[in-house]
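Here are my notes for a first reading. Keep the model open while going through the points.

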Amino acid sequence: MYSKILQRFLPKLWGRTMSVSIKSEKEIARMREAGKILFEVHERLAEMVAPGVTTKELDRRAAEIIRSYGCTASFLNYNGFPASICASVNDEVIHGIPDKKRVLKEGDIISIDAGVIYQGYHSDAARTHAVGKISPEAEKLIAATKQSFFEGIKFAKAGCHLFEISAAVEDYIVANGFSCVRDYVGHGVGAKLHEEPEVPNFHQNRRGMKLVPGMTLAIEPMVNIGKPDVYVLENDWTVVTEDGTLSAHYENTILVTEGEPEILSLW
């Protein structure tokens with residue numbers, strides 16, 4: 001159905017020419033399998049999230065599950081990252097480093113971001129979970145973040161433009177009284193964890209590239225209760241909200257088709 005690889009040189013997204021790969025059926029099959037395994041990882045970890053559990057325990061379990069399928073964790077040692085998952089608690093937006101001293105407590109929220117490599121191809125997905133009973137505002141934040149992803153992918157189909165996804169995500173988030181992080185964005189994914197194009201979660205002043213079948217994207221709204229501003233901790237990884245408010249993250253790897261998008265990491 002798709003050519004083995006089609007390099008499309010497209011107008012600049014952030015000031016440079018982009019090269020976007022269009023996946024072959026063989027590549028898509030591998031990414032589907034990676035997505036199935038990643039879905040299982042997230043399902044198992046969701047069952048573990050509870051007061052008293054450490055983020056290091058979650059990381060250890062994720063590593064075990066990924067290895068049991070003969071796969072590799074996308075994040076482990078990626079640019080020096082020291083764990084198989086990112087575990088970001090409360091005001092931590094992304095890239096939280098699992099730690100045996102970080103114990104989850106009642107009322108926390110935790111974002112778990114993970115990736116799986118199957119036969120050379122990645123799948124990337126994130127979920128935010130409640131730890132026990134959480135505040136109504138935190139519940140609303142998690143629900144809105146997840147739904148904003150589904151609002152965005154209404155436009156993740158052939159013939160639509162990339163930034164229609166971005167606008168739909170932000171429109172939904174703003175309508176719910178929250179803000180989208182602007183310093184970090186979604187991305188293409190495939191043989192590399194991060195490929196072109198970048199996928200913002202907020203309005204752009206142009207439509208962006210036209211989407212074609214065979215594109216694979218990791219769409220990942222990152223949403224704050226307060227302002228969108230963030231900064232990086234001294235560990236050079238963990239991103240936190242500048243005002244200390246809660247943040248949620250929801251992500252899936254999707255395939256652009258002629259019709260509705262296929263979500264490769266949600267079964």
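How accessible is Phe-150, and does that count as buried, partly exposed or exposed? Phe-150 has 24% relative accessibility, so it counts as partly exposed. Buried means under 20% relative accessible area and exposed over 50%, with partly exposed in between (1.4 Å probe, protein chains only).

1. Ground rules. This is a predicted model: local features need pLDDT of at least 70, side-chain atom pairs count only at pLDDT 80 or more, and totals for chains, interfaces and linings use all residues. Residues are numbered from 1 along each chain as its sequence is written, and side-chain values use heavy atoms, with hydrogens and water left out.

2. The pair around Phe-150. Phe-150 and Tyr-250 form a tilted aromatic pair, with 6.1 Å centre to centre and 40° between the planes. Rings of Phe, Tyr and Trp (its six-membered ring) pair if their centres lie within 6.5 Å; planes under 30 degrees apart are stacked, over 60 edge-to-face, and the rest tilted. Phe-150 sits in helix α3 (residues 136-152) and Tyr-250 in the loop between β15 (247-249) and β16, so the pair ties together parts 100 residues apart in sequence. Tyr-250 is buried, at a relative accessible area of 5%.

3. Other aromatic pairs. The whole structure holds four aromatic pairs. In one of them, the ring centres of Phe-81 and Trp-237 are 5.0 Å apart and the planes stand at 80°, so this pair is edge-to-face. Phe-81 lies in the loop between β3 and β4, and Trp-237 in the loop between β13 (230-232) and β14 (239-241). They are 156 residues apart. Phe-81 is buried, with a relative accessible area of 3%. Trp-237 is partly exposed, at 22% relative accessibility.

4. Helices (H or I, at least four residues) and strands (E, at least two) are DSSP runs, numbered from the N terminus. Two strands pair if DSSP finds at least two bridges between them. Strand β6 covers residues 109-118, and eight of its 10 residues are buried. It runs antiparallel to β3 (residues 72-73), with two bridges. There, Thr-72 stands opposite Ile-117. Strand β4 (residues 85-89) is also antiparallel to β6, with five bridges, and Ala-87 faces Ile-112. The antiparallel pairing of β6 with β7 (residues 121-130) has 10 bridges. Tyr-118 has Tyr-121 as its bridge partner in β7. Two residues lie between the strands of the β6 and β7 hairpin, where Gln-119 takes a positive phi near 45°.

5. The five-stranded sheet. This sheet is open and antiparallel, in the order β10-β9-β11-β16-β17. Its edges are β10 (195-199) and β17 (262-263); each has a single partner strand, so one side of each is left without a neighbour in the sheet. Four bridges pair β11 (residues 216-219) with β16 (residues 252-255). Ala-218 has Thr-253 as its bridge partner in β16.

6. The cores. A nonpolar core is a set of buried Ala, Val, Leu, Ile, Met, Phe, Trp, Tyr and Cys residues joined through side-chain atoms within 4.5 Å. The largest has 23 residues, and Leu-58, Ile-85 and Ile-110 have the most contacts inside it. Elements giving two or more residues are α1, α2 (55-68), β4 and β6. Helix α1 gives the most, with five. Another core, of 19 residues, lies apart from it; among its residues are Val-20, Phe-149, Val-199 and Ile-254.

7. Helix α1. This helix runs over residues 25-48 and has 24 residues.

8. Cysteines. A search of the whole structure finds zero disulfides (a pair of cysteine sulfur atoms within 2.5 Å). The sulfur of Cys-86 is 18 Å from the closest cysteine sulfur, in Cys-71, too far for a bond. Cys-180 is in no disulfide either; the nearest cysteine sulfur, in Cys-160, is 19 Å away. Cys-86 is buried at 3% relative accessibility, and Cys-180 is buried with a relative accessible area of 3%.

Terms used:
Expected span 1.5 Å × (residues − 1).
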